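Here are my notes on the model you sent over.

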Amino acid sequence: MKTDLQKRELIANLKKTKINVWKAIATELEKSTKRTVGVNIAKIIRHTREGETALIPGKVLSLGKMEKKLTVAAYNFSDKAKEKINKNGKALTIKELLKTNPKGNKVRILKW
């Protein structure tokens, strides 16, 4: 069981939904912290299209240039990554994305 209370609450809220995207993210967040995902901006740019939302069930790292206008949602961001993303697009937490897009439309999960 996760010791981080906020993470446990987020997982519980994601599991309550009947949308497969959110259930998949809850499963990823439940995994061991040793298996936590870290994704660089360069990979996000390479694997998403404009208008999509990149959803990372871990931490976004700052390697790469933010060339597209994207919404990036993640459990955590490095300070530089958040700064780069907010220049062209929008950086959100998973909780904020769940509120703004409860059906999970146009969301691409990146987890490597």
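1. Let's start with N40. Leaving out residues up to four places away in sequence, N40 touches L61, S62 and L63. Keep in mind that this is a predicted model. N40 itself is found in strand β1. Buried or exposed, or in between, for N40? The relative accessible area of N40 is 22%, and since buried means under 20% and exposed over 50%, N40 counts as partly exposed.

2. One more thing on N40: its C-alpha atom is separated from that of K59 by 8.6 Å, although the two residues are 19 residues apart along the chain.

3. Next, the nonpolar cores. The largest one has 17 residues, and I44, I56, V60, V72 and I85 are those with the most contacts inside it. Which elements each supply at least two residues of this core? They are β1 (37-40), α3 (41-47), β2, β3 and α4 (79-88). Apart from this core lies another, of 14 residues, with L55, A73, L98 and V107 among them.

4. Setting aside neighbours within four places in sequence, I44 is in contact with V39, A54, I56, V60, L70, V72 and L110.

5. Now helix α2, residues 20-30. Its buried residues are W22, I25, A26, E28 and L29. Looking down the axis of α2, you'll find these buried residues within an arc of 165°, so they line one face of the helix. What do they pack against? The partners are α1 (5-16), β2 (53-61), β3 (71-77), α5 (94-100) and β5 (107-109).

6. E28 counts as buried because its relative accessibility is 14%, and the cut-off for buried is under 20%.

7. Last, how α1 and α2 meet. Their axes come within 8 Å and cross at roughly 150°. That angle makes α1 roughly antiparallel to α2, as angles over 145 degrees count that way. On the α1 side, the contact is made by K7, L10, I11, L14 and K15; on the α2 side, by W22, K23, I25, A26, L29 and E30. As for handedness, α1 passes α2 in a left-handed crossing.

Methods
Residues numbered from 1 in each chain as written. Predicted model: local features only at pLDDT ≥ 70, side-chain atom pairs only at ≥ 80, totals over all residues. Heavy atoms only, no water. Buried < 20%, exposed > 50% of the residue type's maximum accessible area, 1.4 Å probe, protein only. Helix = DSSP H or I, 4+ residues; strand = E, 2+ residues; numbered from the N terminus. Arc of directions from axis to C-beta. Contact = heavy atoms within 4.5 Å. Core = buried A, V, L, I, M, F, W, Y, C linked by side-chain atoms within 4.5 Å. Axes fitted to C-alpha atoms, helices over the stretch in contact; angles between N-to-C directions. Parallel < 35°, antiparallel > 145°, perpendicular 65-115°, else oblique. Left-handed = near helix turned anticlockwise from the far one by under 90°.
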